[in-house]
Every structure is written in C-alpha cells, then in structure tokens.
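Hello! Here is the structure I promised you, with the sequence alongside. Have a look at it first, and then read on for what I found.

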Amino acid sequence: MDAILEQRYHINVGNLCGQVRKRHPWGDAKVTKEEIDKMLAEILGPKTEADNVKPVKKKKEKPIKVEEKKVAVAAAAPPSEEELNPYSIFPQPEENFKVHTEIFYSDGSIWRAHNTKEILEKHLKATGGKVMTRFPPEPNGYLHIGHAKAMFIDFGLAKERNGHCYLRFDDTNPEAEKKEYIDHIQEIVHWMGWEPYKITYASDYFQPLYEHAVELIRKGLAYVDHQTADEIKEYREKKMNSPWRDRPIDESLKLFEDMRRGLIPEGAATLRMKQDMQNDNKNMSDLIAYRIKFTPHPHAGDKWCIYPSYDYAHCMVDSLENITHSLCTLEFDIRRPSYYWVLVALGLYQPYVWEYSRLNISNTVMSKRKLNRLVTEKWVDGWDDPRLLTLAGLRRRGVSSTAINSFIRGIGITRSDNSLIRADRLEYHIREELNKIAPRAMIVLHPLKVVITNLEDGKVIDLDGKMWPDAPADDASSYYKVPFSKTVYIETTDFRLKDSKDYYGLAPGKSALLRYAFPIKCTGVIYGDNPDEIIEIRAEYDPSKTSKPKGVLHWVAQPSPGVEPLKVEVRLFEKLFLSENPAELEDWLGDLNPHSKKVIKDAYAVPSLATAVLGDRFQFERLGYFSVDTDSTPESLVFNRTVTLRDSYGKVGPK
C-alpha cells in the first residue's frame with residue numbers, strides 16, 4: 001500500500017496483476033486488470049497533473065572499467081514452474097466454486113456463473129475428487145497436429161493429476177460423420193500414447209439433452225422458431241427479437257414434440273434458447289438448440305430426427321460427464337457466456353473452462369474444411385499424404401508420436417496470441433530424435449557409374465559401414481556390410497568437369513574418399529551420344545589409403561559382377577505451400593508448391609536395406625532421414641524422406 005501511495009498512478013499495474021494471478025491462476029486477466037484499475041481509482045482519487053507526467057528514467061551509471069579481463073559466463077535462467085510442469089496453471093477440482101465468468105446482459109443485469117456448495121460437493125462425491133477431462137473431436141475428418149496439442153493438454157493434465165480423460169466423439173451432426181473417421185481417431189489417439197478412460201459419444205446423451213430442452217421451454221427460456229436461416233441472420237444483425245420469441249410455453253412444448261415426432265418438415269422450425277438478442281456478443285443471440293434433420297445417425301440409428309447443436313450439447317455433456325476442466329482453443333472464448341448460460345439456466349454443475357492458443361504452423365493449412373478439400377479434390381494423395389500435417393500424414397512420413405509430443409511441450413499451452421510457428425521448429429524436434437535412433441546407411445538417388453580400372457575383375461571387398469557415428473569397434477551389430485567392387489555408383493551431382501577450390505567432389509584428375517572405403521581418383525570420362533551427357537567415369541582406387549582427399553562421398557557398388565545394386569523408390573517432400581500463411585490467401589489453392597513431391601524410381605541402395613520393413617527409419621548419409629512407406633513390398637521398397645539433415649532452426653536452438 002505504501003508503494004501505491006508513493007508512486008500513485010505511476011505504479012507498475014502489470015506487477016500487481018501478476019501477484020493476483022499467482023494467487024488466483026483461474027482468474028480472467030482482463031477482469032483482474034479492470035478490478036485493479038477500479039481499486040486504484042477508489043484509493044487515489046482522480047488523476048492530478050503530476051500523475052499525467054511521464055516519470056524521468058534514471059540513467060544507468062556506467063560501471064568502472066577493471067583492467068583485469070574476466071571470462072563472461074552466461075548463466076542460464078532457471079526454468080519456470082510452468083516449464084517444469086505445464087499443467088501447474090490449472091486449479092484443483094475442489095477450487096471450482098469461485099466466480100470465473102460473468103454473463104452480462106444488455107439490460108445491465110449480470111449472471112455470475114459458479115457452482116453452489118451443494119452442487120460442487122455432489123460433483124466431488126461422484127468423481128472422488130479426481131481431475132476429469134475430455135478430448136472431444138468431431139468425427140468428420142482425420143486429426144491433425146493441432147489435435148495433438150489438444151490431446152497433450154486434455155490427456156496430459158488428467159495423467160499428471162492422476163485423473164481420467166474421456167475420448168468423446170462430438171457426433172451431433174449425422175451428415176458429416178463417418179465410421180472411417182471414428183476408427184481413425186480411436187487408433188491415432190492410441191498411437192499418440194494416450195489411453196482414454198472411456199470412449200463416449202455426444203449421441204449417448206440425446207435423451208437427457210432432449211429432456212433438458214423441454215425443461216428450458218417450461219422455464220420460459222426456450223421457444224420454437226420458424227425463421228429461416230437468412231431471417232435469423234438478419235434479425236441478429238439488427239438485434240431484433242424473433243416474432244415467435246414470446247409465444248406461449250404450451251405452444252412451444254407441443255411444437256417441439258411435433259418436431260421430435262417428425263411431423264414438421266426439415267427447415268420449417270428450430271428450437272432456440274431465449275438468451276439476449278440485444279447483447280453485443282452474438283453468441284448470446286438466442287442460439288439454436290435443435291434442428292430437424294431426417295437423416296439416420298451413424299451411432300444412434302433412426303431414433304431421432306431432431307439433433308442438438310454444438311452450443312447446446314457441448315456444455316451439457318461436459319456437465320453430465322462431470323468434467324472438471326473443459327479445455328478448448330481461444331476462438332471459443334467468445335462462446336463462454338453461452339456455455340455457462342445453459343448450465344446456469346438449468347442449475348447444472350459447471351466445469352472450469354480455460355482456452356489456450358490454437359496451433360498454427362507455417363506453409364500449411366489446418367482447417368478441416370480446407371484439408372477435406374485438398375483430399376477430396378485430389379490435390380494430395382489422401383488424408384495420410386506425408387505432405388500434410390495430419391497425424392496420419394506425419395506418421396507415414398516417419399515422424400514419431402514422441403517427437404510430436406516433444407514439439408507440443410516445447411511450444412507450451414499458454415493463452416498467448418495465435419502466432420504462426422515455423423515448420424522448422426517441428427523439424428528440429430523430429431531431427432533431434434532421429435539423430436539418436438536412426439541407423440546410418442547409404443543410398444544413391446541419381447547414380448553415375450564409376451569403373452575402378454585398377455581393381456581386378458570379379459573381386460568384391462566386403463567393408464564395414466557404421467550404423468552409428470560412435471559405433472564401438474568390437475560390436476559387430478553396430479556395422480553393416482558394404483560391398484566394394486569394380487563398378488560403383490556415386491551421385492551425379494558429386495562429379496564436375498571443372499574443378500574449383502571450394503568443391504570437394506570428384507573431377508578429372510581429382511581424388512575423393514568413398515565413405516568407409518578408399519580414395520579414388522578420376523582418370524577418364526566416357527560421354528554418350530550427346531557431348532553434354534556423361535555416362536561413365538573411369539577411376540583408380542588407392543588400396544593403401546595414402547592419399548588424403550578432403551571430399552567424402554556416399555556410394556553404392558554392384559554386390560557381384562554384372563549384378564545391379566538394390567533398386568528402391570525414394571520420395572522427397574518439400575513444404576506443401578509456398579507462402580508461410582496460405583490460409584490468409586483468397587486463392588490458397590493457387591499457392592500450392594508444384595515441387596512439394598518428387599519421386600525417384602531408380603535409386604540404388606546398399607544390400608543391407610533389402611530387409612527393411614514398415615516402421616524402419618534410417619539416416620541416409622548426406623541426404624537426410626528416411627522411413628519405409630506403406631506402399632512398400634518385399635520386392636519393391638519405397639522410402640519417404642522424413643526430414644533433411646540441414647537444421648536452420650537448431651542453429652539458434654529451440655525457443
């Protein structure tokens with residue numbers, strides 16, 4: 001208080017907010033700031049002229065120079081509590097009795113959403129005081145990396161607090177859902193390392209949802225409306241009540257029953273919640289609770305022809321499942337008043353709601369609508385195309401769930417703005433893991449034939465290639481066999497006719513070292529019919545290894561005279577879009593990268609790769625990290641490049 005009286009309106013309000021935030025992490029930051037400003041005004045009164053004068057910053061005195069030179073040691077800042085445990089920001093279930101959301105009405109009245117002592121005690125008795133969360137995807141497409149963040153928060157919080165997390169399918173729209181998507185979601189959640197407490201469906205609760213809708217009508221808080229979608233939009237913009245808003249309760253009850261029995265045509269009526277049409281928040285403008293759809297439901301069958309909306313069902317199912325923490329992305333922040341309106345109106349238990357920043361990654365799209373269009377219009381090769389950041393696409397590309405979760409943990413789960421995260425940051429975490437677990441091997445993408453003229457015909461020398469950089473000499477399992485014969489193949493790009501000081505490949509009269517083998521020196525060039533076409537290089541090898549060339553080349557040789565090396569297909573992937581944020585573009589499809597996928601049909605590989613199977617991952621020396629693709633067969637292997645060796649993000653480290 002002394003500091004406030006001394007510094008008056010020059011006091012650091014941010015520090016005051018921070019102190020409140022430490023004691024009440026569930027508090028709304030905006031409301032906290034408004035309350036502090038209000039209290040300061042009560043304590044200090046109106047601002048004086050002196051309060052409006054900016055304080056003069058004191059100049060820092062320059063330290064006296066010391067002749068003795070000292071080595072500067074950069075002291076790393078200790079990790080914050082949130083970095084050590086990202087879930088520390090969430091309150092305990094027994095703390096969920098405080099007002100953390102206020103519903104403001106246009107007439108000046110306020111509903112303060114909170115649980116009564118009796119409601120909270122009943123909830124805690126039902127849950128045993130455990131944390132209960134839910135991961136609620138809509139089964140209308142494949143999950144993407146944004147859902148990985150949601151899983152990390154929902155399942156992760158429950159695991160950290162020794163609680164439970166439901167996998168709940170938000171299946172309120174029967175027209176969009178498919179069994180394919182339901183099966184995929186269950187499988188990919190397990191692959192990501194999470195185990196649901198129970199698998200439930202919003203449709204499991206259709207009966208209690210219907211009964212609560214009837215209760216809202218009886219309370220005068222819902223009505224059957226006959227406006228068209230365009231009329232509803234127009235009336236909302238003009239903040240006008242529907243002409244049917246004040247119809248008698250008994251009339252709405254009968255009409256809602258007729259809707260349920262299928263006696264009213266589709267589109268001719270809806271059930272709307274009687275909220276506040278004059279509210280500045282459009283999510284309080286009498287939202288629709290039920291629509292008529294004469295469409296059988298994939299899970300509930302043909303029992304219902306009226307289906308609840310997301311805004312009506314989501315909050316109520318959270319309450320019915322005794323969810324302690326209802327966690328969602330920031331775009332749902334504006335829907336929070338409506339979420340609590342339903343629960344307050346019905347006197348139901350209210351979960352703690354908290355929104356976090358949405359995950360946006362550069363050079364891709366994350367909208368399910370856009371992803372669905374890419375797939376259905378065949379701009380990509382299905383939901384698991386390795387160029388997509390769907391979880392199925394990342395897995396097919398060779399990315400592990402542990403690398404994805406490491407990336408998610410690294411970016412945090414705060415309420416910061418929806419900034420765009422560079423794809424390099426994800427690649428950093430992928431590369432960090434693969435560098436430790438992917439064995440080394442050699443493959444040549446664009447083979448150029450090299451004939452070793454001073455190696456006798458028919459001779460094959462079996463050499464040892466290291467699977468790991470620090471492979472111990474006495475561990476045979478850390479090596480793979482590399483045959484060296486009269487005919488070897490190098491990358492076409494590793495040979496030039498004109499040498500230069502900054503070039504370390506092969507050139508006429510120049511030597512280069514074949515990895516794990518011998519130095520070779522180019523002694524001749526064989527041209528094709530076209531004078532620019534080089535079809536073969538002649539070279540001599542140095543069996544004594546006395547020469548020490550600077551350049552080191554990867555290579556593959558014929559395993560025996562006249563026998564081609566192992567032939568494989570290699571697929572190289574680049575970013576799917578040219579722009580960092582294609583979602584902002586009107587013609588976002590026009591921004592697709594025409595070179596995002598390159599297929600090399602006839603690459604040569606070392607013989608040890610012949611036994612590679614789906615799930616195997618390798619570092620192909622000088623080329624990048626690769627994994628076996630699902631299109632592979634024992635006779636025809638296909639490798640996807642997961643990520644390059646280049647690490648532009650790692651140069652500055654993860655942030």
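The crossing of helices H9 and H12 is right-handed, the near helix being turned clockwise from the far one by less than a right angle. Before going on, please note that this is a predicted model, where local features need pLDDT of at least 70, side-chain atom pairs count only at pLDDT 80 or more, and totals for chains, interfaces and linings use all residues. Residues are numbered from 1 along each chain as its sequence is written, and side-chain values use heavy atoms, without hydrogens or water.

How do H9 and H12 meet? The axes of H9 (residues 206-218) and H12 (residues 310-320) come within 11 Å and cross at roughly 110° (lines fitted to C-alpha atoms over the stretch in contact, with angles from 0 to 180 degrees between N-to-C directions). H9 is therefore roughly perpendicular to H12 (65 to 115 degrees). On the H9 side, the contact (heavy atoms within 4.5 Å) is made by Pro-208, Leu-209, His-212, Ala-213 and Leu-216. H12 brings Tyr-312, Ala-313, Met-316, Val-317 and Leu-320. Nine of these residues are nonpolar, one is polar and none is charged (Ala, Val, Leu, Ile, Met, Phe, Trp, Tyr, Cys and Pro are nonpolar, Asp, Glu, Lys and Arg charged, the others, Gly among them, polar).

**The chain as a whole**

The chain holds 17 helices and 29 strands (DSSP runs of H or I, at least four residues, and of E, at least two, numbered from the N terminus). Of its 655 residues, 49% are buried (under 20% relative accessible area; exposed is over 50% and partly exposed in between, with a 1.4 Å probe and protein chains only). Among the contacts with a separation of 6 or more, 70% join residues 24 or more positions apart.

Which residues of H6 (117-127) are buried? They are Leu-120, His-123 and Thr-127. Seen down the helix axis, the buried residues fall within an arc of 60°, so they line one face of H6 (the arc is that of the directions from the axis to the C-beta atoms). They pack against strand S3 (132-135). On the other side of H6, Lys-117, Glu-118, Lys-122, Lys-125 and Ala-126 are exposed. Just after the helix, Gly-128 takes a positive phi of about 70°.

His-164 lies in strand S4 and is partly exposed, with a relative accessible area of 25%. Not counting residues up to four places away in sequence, His-164 touches Lys-130, Val-131, Met-132, Thr-133, Ala-158 and Tyr-197.

Thr-172 sits in the loop between strand S4 (164-169) and helix H8 (179-191), and at 10% relative accessibility it counts as buried. Beyond neighbours within four places in sequence, Thr-172 is in contact with residues including Glu-177, Ala-202 and Ala-313.

Asp-286 is in the loop between strands S7 (270-273) and S8 (288-292). Its phi is near 50°, a positive value in a residue other than glycine. Is Asp-286 buried or exposed? It counts as buried, at 0% relative accessibility.

Lys-545, in the loop between strands S22 (534-541) and S23 (552-553), has a positive phi near 60°. Lys-545 counts as partly exposed, at 38% relative accessibility.

Happy exploring!

How values were computed:
Angles under 35 degrees count as roughly parallel, over 145 as roughly antiparallel, 65 to 115 as roughly perpendicular and the rest as oblique.
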